[in-house]
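Have a look at the structure first, then read on.

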Amino acid sequence: MKCPFCGDQESKVVDSRHSEDGLSIRRRRECIACQRRFTTYEIVESLPIIVVKRNGSRQNFDRNKILNSMIRAFDKRKVNVEDLDRITTEIEQTIQNSLEREITTDKLGEMILERLKPIDEVAYIRFASVYRRFPDANSFIREINKFLEE
């Protein structure tokens, strides 16, 4: 592992711990050359996921886009960012565990909505309004009524 301070390639592992989610290992390392310590994270390499957008274009899956879209839906609402990170991880794992290497933005949006619904009604409606692209106020009202009926 290359030292971020001096660039030397030799380091030794001083401490290893599993992360809380069990998906990565945190390692404290010490550079042999400069004796400075740094942290690395080891995760299982996963196959790339391709997101197929509505216009047909394809791009690599980016968990930060999902997280940021949910944070925007919770604007000025009380939310624990760790919950949103957990939801993002759940979605990513669900996709990785499927046999599909591609996912449409429609499926991705539905996965997010189903996880937002029990957390916060307003955030759910905000996310749905952007994701479903309501053409008019009546469509928006129908979505709210459908949500209230459930």
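1. A salt bridge here is a side-chain nitrogen of Lys or Arg within 4 Å of a carboxyl oxygen of Asp or Glu. Keep in mind that this is a predicted model. By that rule the count comes to 14 salt bridges.

2. E143 and R132 make one of them, with N to O at 2.5 Å. The pair links distant parts of the chain: E143 sits in helix 5 (residues 137-149) and R132 in the loop between helix 4 and helix 5, 11 residues apart. E143 is buried at 7% relative accessible area, while R132 is partly exposed at 26%.

3. Next, a network: salt bridges link R86, E90, E114 and R115. R86 and E90 have their closest N and O atoms 2.7 Å apart; these two are 4 residues apart in helix 2, so about one helical turn separates them. E90 also bridges to R115, at 3.1 Å. That pair joins helix 2 to helix 3 across 25 residues. As for accessibility, R115 is buried at 16%, whereas R86 (40%) and E90 (30%) are partly exposed.

4. Which residues touch the most other members of the largest nonpolar core? They are I91, I95 and L108, out of 25 residues. Helices 1, 2, 3 and 4 each give two or more residues to this core, and helix 4 has the largest share, with 6. Beyond its sequence neighbours within four places, I91 contacts I66, L108, M111, I112 and R115.

5. Finally, strands 2 (24-31) and 3 (37-43) pair antiparallel over 7 bridges, with R28 opposite T39. They form a hairpin with 5 residues between them, and Q35 in the turn has a positive phi of about 60°.

Conventions. Residues are numbered from 1 along each chain as its sequence is written. This is a predicted model: local features need pLDDT of at least 70, side-chain atom pairs count only at pLDDT 80 or more; totals for chains, interfaces and linings use all residues. Side-chain values use heavy atoms; hydrogens and water are left out. Two strands pair if DSSP finds at least two bridges between them. A nonpolar core is a set of buried Ala, Val, Leu, Ile, Met, Phe, Trp, Tyr and Cys residues joined through side-chain atoms within 4.5 Å. Buried means under 20% relative accessible area, exposed over 50%, partly exposed in between (1.4 Å probe, protein chains only). Contact means heavy atoms within 4.5 Å.
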